[in-house]
Amino acid sequence: MSAAPGAKTFVIDGVDASATPGQTILSAAREHNIFIPTLCHLEGLGDVGACRLCLVEVKGARRLLPACTTRVDEGMEVTTNSPRLADYRQMTMQLLFAERNHVCSVCVANNHCEMQSMATTLGMTHVEVPYRFPALTVDASHERFTLDHNRCILCTRCVRVCSEIEGAHTWDVMGRGIQSKVITDLDQPWGTSETCTSCGKCVQVCPTGALFQKNRTGERRGKDPSFLPYLRTMREEL
Amino acid sequence: MMSHEELEQTTAKVQQEQRAAGDRINVCVAAGCLSLHSDAVQKSLTDEAKKSGARCSVRGVGCMGLCSAGPVVSHEPAQAVAAEDKTTAQPTRLYGGVQPGHAAKIVASLNQEPVRELAIDTAMPFFAKQTKIVLENSGSINPESIEEYIAAGGYRALLRALHEMTPAEVVQEISASGLRGRGGAGYPTGLKWATVARAAGATKYVICNADEGDPGAFMDRSVLESDPHRVLEGMILAAYAVGASQGYIYLRAEYPLAVQRLGVAIREAKRMGLLGAEIAGTRMSLHLEIRLGAGAFVCGEETALIASIEGRRGTPQPRPPYPAESGLWNSPTLINNVETYANVSPILARGSAWYAAQGTAKSKGTKVFALSGKARNTGLIEVPMGMTLREIIFDIGGGVPAGHTFKAVQTGGPSGGCIPESLLDIPVDYDSLMQAGSIMGSGGMIVMDDSSCMVSVARFFMEFCMSESCGKCVPCRAGTAQMHGLLTRITEGVATHRDLDLLVRLCEMVGATSLCGLGQTAPNPVLSTLRYFKNEYLAHIEDKHCPAGVCECATTPAEVNA
C-alpha cells in the first residue's frame, strides 16, 4: 500500500500511523480506531478546543495539545492516554458536573447524554469538588424546544451549528467566565427570536439535556446529529 | 514629505523658542498627578507666571515617576534649558505635593533659592539608581507636541532606517540587541519580527497591544500618556521591517487620556508625513488605527485581542497557528506590547551593541516597573535588567513604611507570584524571576509588608482570574471558580487539609490544561504563596487564625457550599 501524496507518518500510542495533510490528531486517531475523549468536538462542525478532554501528550511539545485542533506533523509522537491525562480528564468531568445542576436521575437526557456516558467511560465515580448549584433559568418560550441553562456545559455546538450550518447565528455566548451562558439573539426569549428558523439542529447536536424537544419522552428523546457530516460533505462537493 | 533637514529645522526652531522662553516650569499631567488635580496646579502656575511677568513658560508634561509625591512639578532654570551638556548645567528642581496655592511661591523662586517645603531631593536613590531609555522623554516633553519629540531626537531613527537600511537590516539590529517582549513572556522580539517578515502573504499587519490589565500595572498607560510618538515610531519601524502597511493599536477604553494623546500623536505624525501613505517620501506606507478594548482582561491575550479587532467575541484560540503565521484576518501579524515598541527607536538610533551592553546575559536593556503597595516611594521606575529586587524595593522604593517589616513582593500580576525576603537578592530578569516561581510579567510590582495576608493575596488574584476568565475552556472557567471557593474557605477558617490537597491538585490541572495563558498561569499566585508562605495557609487551617490579622476566621463553622 502506498501513501497518498503528502501523507504524514507519525506514531500514536506506539503504533505507526499516517495522516492526510492538514488532518488533525483526533481525526487521524479515530481512523486508526484509537479513542480520544471529546465533548465540544462534533464531526461536521468547526473545532474550538474548549472542553480540553482531547488533550494529548506530544513528544517535544512544551504543553499538552488539543487533538481536535492540532494538525499531524511528520514524525510526531503522540500519546493519547497516560495516568496524568486520565487524572486531568476525570477532573475536567468533575468540574463540569459541579459547575451547574447535573443530577442525571431527574434529567430529560438521562441515558441519552454524552456527558453522562463520557463520565462513565472515563471512570468518574464521584465528584470531589463542591457542587456550585447556581440559580439558573429555563427558557421554554419556543413552541417546540426548551433551553435549560442548568444542564448546559458551554460546548458551543449549538452556536456553531446555527452559525456554520444553518447560517442563522441565532445562538451566541454572553458574559464571562463562570457567568457565561448561551443566548438566543440579544438574550431575548427563544420563542421571540426573529432569526431562529426553528430547524432544530441545535437541539440535535446538544450533548446534554440543555436543549431538548418538547413532548418527547422515553426512548424518543434521543438525539441524532448524524445529518451533520452528510450536510457538510454535500456542501463541500457541490 | 519629511526629510532629515526638516527634522533638524524643526529641532532648531523648538530649541530657539525654548531658549527664548526662559525658565521652564513643567507640571505632570499624566493620569497619576491629574487625579490629584495637577491641571488646576498648571492653571494657577500659568496665571501666576503671567501676573508676575517672569520670563518663564509653564508646560504640561508626562509622568516624572514619583507618583506618591504628586502632583509633581519641575523647574528647569533657563541656563539648563539652553545648555548643550545637561550634566554640568544648573540642576532641575523638583517639587512634590504641589497645590494651586503654591504657584506664587514657585514663580517667585525662579531666580532665588528653591521652595524648601516642597522640594524633592533629586539626588536620592529613587532617581539616581534608574536608567531611562523607554522613559527618557517622559516628564520632559509635552506629549501632545510632535515638534518637542522631534527636538528630543525623535523620528531620526525612522528616517535613517527608511533611507539607509533594508527591512532585513532592521530585523537584524533588533535581533542583535537581544530585546525580548515586554508584555510579560519575554519572547525574543527579533525572532518574532523575522518570522512575520518571512511569512508568505501580500497583506501583513502590525498590532500594538496596549490592553494593559494587570492589577497595579500602569507602565504602558504612562508611556502612552507621556511619550506617544515613541510608540508610533517603534510601530512604523516594525511595519517597515516586516512589510506591513496597516496597523492597529488595541488600547483599553479605561485609558481616555492615553486614547486622546495617541489620537493627537497619530494626527500630528500624519500631518508631518511620518505616517500614512509614502512616509517621508519613500514607498513605505502605514495606516494606523486605534481600536478600543471594552474592558476584558483576556483581550490582552493575542488571539483574543485579534478576535476583538475582527469584531468577534474576545476569546482565545488554540495556538498554533501563531499570529506571526496566521493572525488578523488570517494574515501574518506582528503583535508587540507598548514597551517593546518604545525600545525600538533607541535601539536603532544608538545601535544594537549599545543596547545589548545593558542588562544581563539573557535579558538586555531596561525594564519599566509600576512600583506600588507598601513602599515609601511608589510610582513609575525604569531600571537596568539585573538589578536586584532588594535595590528596587529598598533603595528606589525606600523600603516599607516605618514600624512594618517587608514580607513579599508580587511581580507579574495574576500570572505571577510572590517572592519572599530570602530571595530579594536575585537579579530582575526573565529567567531568575521564573526560577523563583514568579514571572517578569508586564511590570507590575506590588510590595507587601507584615500587614498583608498571603492567603488573602492569593485569593484576590484568583478572584481576578475567575471574573476575567472568558469562559471558553472548562478548566479556567470552572477551575478558577472552584479554586476561589477553596481559598475563600481557607480565609474563613473553615477549610481542612483535604481542601488544601484539592486546591493543589486543581492548581496543577488548571495550569496544565487551560487553553490560554490566563488559565495556564492563574494558579501561580497560589503556588508561589504555598511555596514560600505555607505556614500562613496552615495557620488558617489548623489554628483558624490569620497571622496578619486580615482574615476574619470564623469561630463557628460557616455554611458549607450553600
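The model is a predicted one, so please read every value here as computed from it.

**Aromatic pairs and a cluster**

- Y248(B) and W329(B) make an edge-to-face pair, with 6.1 Å centre to centre and 65° between the planes.
- Y248(B) belongs to strand β7 (residues 246-252) of chain B, while W329(B) sits in the loop between α14 (302-309) and β9 (333-337) of chain B, so this pair ties together parts that are 81 residues apart in sequence.
- Y248(B) has 5% relative accessibility and counts as buried, whereas W329(B), at 38%, counts as partly exposed.
- F460(B) and F461(B) also form an edge-to-face pair, at 5.1 Å centre to centre and with 80° between the planes.
- F460(B) is partly exposed with a relative accessible area of 44%, but F461(B) is buried with 3%.
- In chain A, F145(A), W171(A) and W190(A) are joined into a cluster by ring pairs.

**Charges over rings**

- R252(B) places its charged end over the ring of Y255(B), 5.2 Å from the ring's centre.
- K367(B) lies over the face of F369(B), and the distance to the ring centre is 5.6 Å.

**Helices α20 and α21 of chain B**

- Helix α20 (residues 474-491) and helix α21 (residues 497-513) of chain B have axes that come within 10 Å and cross at roughly 155°.
- Since an angle over 145 degrees counts as roughly antiparallel, that is how α20(B) and α21(B) run relative to each other.
- The crossing of α20(B) past α21(B) is left-handed.
- On the α20(B) side, the contact residues include P475(B), G479(B), M483(B), L486(B) and I490(B).
- On the α21(B) side, they include L500(B), L503(B), L506(B), V510(B) and T513(B).

**Helices α12 and α13 of chain B**

- The axes of helix α12 (residues 228-242) and helix α13 (residues 256-271) of chain B come within 9 Å, crossing at roughly 55°.
- α12(B) and α13(B) are therefore oblique to each other, and their crossing is right-handed.
- P228(B), H229(B) and L232(B) of α12(B) meet a set of residues in α13(B), among them R261(B), L262(B), A265(B) and A269(B).

Note on methods. Residues are numbered from 1 along each chain as its sequence is written. Chains are lettered from A and ligands numbered from 1 in the order in which they are written. This is a predicted model: local features need pLDDT of at least 70, side-chain atom pairs count only at pLDDT 80 or more; totals for chains, interfaces and linings use all residues. Side-chain values use heavy atoms; hydrogens and water are left out. Rings of Phe, Tyr and Trp (its six-membered ring) pair if their centres lie within 6.5 Å; planes under 30 degrees apart count as stacked, over 60 as edge-to-face and the rest as tilted. Helices (H or I, at least four residues) and strands (E, at least two) are DSSP runs, numbered from the N terminus. Buried means under 20% relative accessible area, exposed over 50%, partly exposed in between (1.4 Å probe, protein chains only). A charge sits over a ring if NZ of Lys or CZ of Arg is within 6 Å of the ring centre and within 35 degrees of the ring normal. Axes are lines fitted to C-alpha atoms, for helices over the stretch in contact, and angles run from 0 to 180 degrees between N-to-C directions. Angles under 35 degrees count as roughly parallel, over 145 as roughly antiparallel, 65 to 115 as roughly perpendicular and the rest as oblique. A crossing is left-handed if the near helix is turned anticlockwise from the far one by less than a right angle, and right-handed if clockwise. Contact means heavy atoms within 4.5 Å.
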